[in-house]
Every structure is written in C-alpha cells, then in structure tokens.
Amino acid sequence: MPRDKMSKQMENTAPRVVIGSQGTRYELGDHLGSGGQGSVYRVSRRRAVKLIDEPDARSGEKLQHQLARVNRFDFSGVSVARPIETLRDPDVGYVMEFLEDMTSFRSLLPPLNDDNVLHWFIETGGVRRRLQLLSKFAAILAKIHGK
C-alpha cells in the first residue's frame, strides 16, 4: 500500500496495536513522518515504531539481520535513535528510542504548494538553523565513524 494511503488509513481508523519481538504491545500514536522505507509513529514518550510500508516475504528476516549488525556498535555518547526490537508478524518494522530534539531533514525542504517559499524559509530558521543542524549531523557521523 502506498505511504499516503497507509497514512490516511491509519489516521481514519481506531488505534492500531503492534507487538514487539519481546511481547510488548505498542499502540501506534501520532504519525511522525514517512520516508523511503516506511512510516514512523510515536508509541510512548520515549519510543517510536517504524513500519516498513511494502514488505516482501524476506523483509522481516533481512531487517533482523540489519538491526543485529547495527546493535553491535557502541553508540554511547551518540544521539541517534537506536533500534530496540523488531516487530512480530504480520508487521515488519522495529521499535526505536525516540529522541525529543530530533528533526527530519524532510522538514527542512519547502512545501510543494507554498507560494511564499522565502517566508517559509525564514520562519523555519533560515540558513543559520540549517547549518546548525548539518553541523550536528556531521559531528554525529564523525563520532559513529570514530567508533
């Protein structure tokens, strides 16, 4: 199902519950965003769930292997959303830490239907904010690369 249809379907139905690999039930809350892989939903103050939009028969297995590799890294001192557990069938996705000060790079792109892009650009922080975010991103990548 395309992301837009899935997002609208999620907004128009009763809260959906997914179950983590450790048996924890997570009620999908606010839709936080969508990207190339899937959609992210808040499930608690400190947790979010990423659902893979169009999984195939091997998606869950591939995701488990990818997360196992990621979880081998020492992320102490690095502000990144860490995967905690995968989801049980029939859902494909994972639970991750939710960091309050996270900003989606997509939020820094102008809306397609905005006639006054300059006003939007200034209202969303302008060049200074974007350079600060890119600087933080570069520092995080440097820490990860150093580990």
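Mentor: Two strands pair if DSSP finds at least two bridges between them. Keep that in mind for this predicted model.

Trainee: In what order do the 5 strands of the open sheet come?
Mentor: The pairing is antiparallel. The edge strands, each pairing on one side only, are β3 (31–34) and β6. From one strand to the next, the twist averages 25°. The order is β3-β4-β5-β7-β6.

Trainee: Is the peptide bond from Asp89 to Pro90 cis or trans?
Mentor: Pro90 sits in the loop between β6 (83–86) and β7 (93–97). Most peptide bonds are trans. From Asp89 to Pro90, omega is near 10°, and the bond is cis.

Trainee: At about what angle does helix α2 run to β6?
Mentor: Helix α2 takes in residues 59–70 and lies across β5, β6 and β7. Its 12 residues reach 16 Å from first C-alpha to last, close to the 16 Å expected at 1.5 Å a residue. Relative to β6, α2 runs at about 155°.

Trainee: Why are the buried residues of α2 on the same side of the helix?
Mentor: The buried residues of α2 are Ser59, Leu63 and Leu67. They lie on the same side of α2 because the arc they cover around the axis is only 60°.

Trainee: What strands are included in the cover over the buried residues of α2?
Mentor: Recall who is buried: Ser59, Leu63 and Leu67. Helix α2 lies across three strands of the sheet. What covers those buried residues includes β5, β6 and β7.

Trainee: Is Arg130 buried or exposed?
Mentor: Arg130 belongs to helix α4, residues 126–146. Leaving aside neighbours within four places in sequence, Arg130 is in contact with Leu108, Trp120, Phe121, Thr124 and Gly125. Buried means under 20% relative accessible area. Arg130 has 11%, so Arg130 is buried.

Terms used: Residues numbered from 1 in each chain as written. Predicted model: local features only at pLDDT ≥ 70, side-chain atom pairs only at ≥ 80, totals over all residues. Heavy atoms only, no water. Helix = DSSP H or I, 4+ residues; strand = E, 2+ residues; numbered from the N terminus. Axes fitted to C-alpha atoms, helices over the stretch in contact; angles between N-to-C directions. Contact = heavy atoms within 4.5 Å. Buried < 20%, exposed > 50% of the residue type's maximum accessible area, 1.4 Å probe, protein only. Expected span 1.5 Å × (residues − 1). Arc of directions from axis to C-beta.
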